[in-house]
Amino acid sequence: MPPSRLHRVAVLVLEGAKPLDVGIPAQVFTTRASMPYEVRVCGAAPGLVTGGDGLSYHVTHGLDALAWADIVFVPGYRHPDREDPPRAVIDALIATHDRGARLAAISTGAFALAATGLLDGKRATTHWHYARALAAKHPLIHLDENVLFVDEGSVLTSAGAASGIDLCLHILRRDLGVSASNHAARRLVAAPYRSGGQAQYVPRSVPEPLGERFAATREWALHHLGEALTLEALAQQAGVSPRTFSRRFAEDTGYTPMQWVMRARIDVARELLERSERSVEQIADDVGLGTGANLRLHFHRILGTTPTEYRRTFTQGA
């Protein structure tokens, strides 16, 4: 997707909307003026929308913003299991999806997407507190409550509010590439990624249920990717045995240490392909993969494409 394309983002504020959930997409996609996004905050109708946590929102746009948007975010809202959003909202979401726009839910916003039927037969997630309620109300959804977010292409869902940041950064990576996503993450003082790559630039989410035990070790590894990183070297840096490090690292990230290192190397390679003119051979050496053939092998295995095709995707129209 050419970086120069303008993306139109609508944030749909429903009754009982949670403040953080509303603010996340509005802020992520306006982190700097040069980003090719325009954001409109809307409701079922223009005017005052009663939110959750003692706040209300005055929105300029009604459901007409959904017809305008390329992607619609539905922030989480209070008591989503009690009743569905108004029929007009559901119909507008369906019509928006039918014309090719993406729908993305943050936290309990998944209930609104579920009410459209668009999640039936698909993987989805939501805030852990409401996971059982969503599964009971919409049994055709393949609920995965152990991930940060789920990308099903045209419909995306995320867990709690902080996972909404991960989802937004994932969408930035998908639209504009790793460099733009990392820039936004730095501006937000957020983790640049908490996920691994799978098919065609679409990272699948990684559960991190036990916190950030080895954040310092991961930070160290990111600065030494060009070196021969081994399990033993990482464990020594963390001050624990290789066996303990391997077990606890997987608990923290959902990956083995060497799987995480490989995905970190591929992410750095992606950024170099996007913003530099270095050859594939040079980039392979930069990120610790040695040869261009080795980079091509792992790049294709993780992303389903070649470094050359990836570079062409993110440089055409720039």
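Which residues is T116 in contact with, leaving aside its neighbours within four places in sequence? In this predicted model, the contacts of T116 are I90, L93 and I94. T116 itself sits in the loop between helix 4 and strand 7 (123-124). With a relative accessible area of 12%, T116 is buried, because the cut-off for buried is under 20%. A polar atom of the T116 side chain also lies 3.1 Å from the backbone nitrogen of L118.

The chain as a whole has 318 residues, of which 51% count as buried. Its secondary structure comprises 14 helices and twelve strands. Contacts between residues at least 6 apart in sequence were examined for their span; 65% of them join residues at least 24 apart.

The average pLDDT is 87, and 90% of the residues score at least 70. Over residues 195-211, however, pLDDT stays under 50. The model has 58 contacts beyond four places in sequence for this segment. Where pLDDT is low, the predicted coordinates should not be read in detail.

Nonpolar packing was considered next. In soluble globular proteins, nonpolar side chains tend to be buried together. Here the largest nonpolar core has 29 residues. L12, L66, V72, V74 and L93 have the most contacts inside this core. At least two core residues come from each of strand 1 (7-12), helix 2 (64-68), strand 5 (71-74), helix 3 (87-98), strand 6 (102-105) and helix 4 (110-115). Helix 4 gives the largest share, five residues. A second, separate core has 23 residues, including I24, M35, L167 and L169.

V72 illustrates the packing of the largest core. Not counting residues up to four places away in sequence, V72 touches A10, L12, L66, L93, T96, R102, L103 and A104. Two of these partners, L12 and L66, are themselves listed with V72 among the core residues with the most contacts. L93 is also on that list, and L93 is in contact with T116 as well.

Side chains of opposite charge can pair when their charged atoms come close. The count comes to 13 salt bridges. In one of them, R123 pairs with D144, the closest N and O atoms being 3.0 Å apart. R123 lies in strand 7, whereas D144 lies in the loop between strand 8 (142-143) and strand 9 (149-151), so the pair ties together parts that are 21 residues apart in sequence. R123 counts as partly exposed, at 23% relative accessibility.

R40 forms a salt bridge with E38, with 3.5 Å between the closest N and O atoms. Both partners are partly exposed: R40 has a relative accessible area of 24%, and E38 has one of 31%.

A further salt bridge joins E271 and R275, again with the closest N and O atoms 3.5 Å apart. Both residues lie in helix 11 (residues 257-275). They are four residues apart, about one turn of the helix. E271 counts as buried at 14% relative accessibility, whereas R275 counts as exposed at 55%.

Terms used:
Residues are numbered from 1 along each chain as its sequence is written. This is a predicted model: local features need pLDDT of at least 70, side-chain atom pairs count only at pLDDT 80 or more; totals for chains, interfaces and linings use all residues. Side-chain values use heavy atoms; hydrogens and water are left out. A nonpolar core is a set of buried Ala, Val, Leu, Ile, Met, Phe, Trp, Tyr and Cys residues joined through side-chain atoms within 4.5 Å. Buried means under 20% relative accessible area, exposed over 50%, partly exposed in between (1.4 Å probe, protein chains only). Contact means heavy atoms within 4.5 Å. A polar contact is a pair of N or O atoms within 3.5 Å; within protein, one must be able to donate a hydrogen and the other to accept it, and residues adjacent in sequence count only if both atoms are side-chain atoms. pLDDT is the predictor's confidence in each residue, from 0 to 100. A salt bridge is a side-chain nitrogen of Lys or Arg within 4 Å of a carboxyl oxygen of Asp or Glu.
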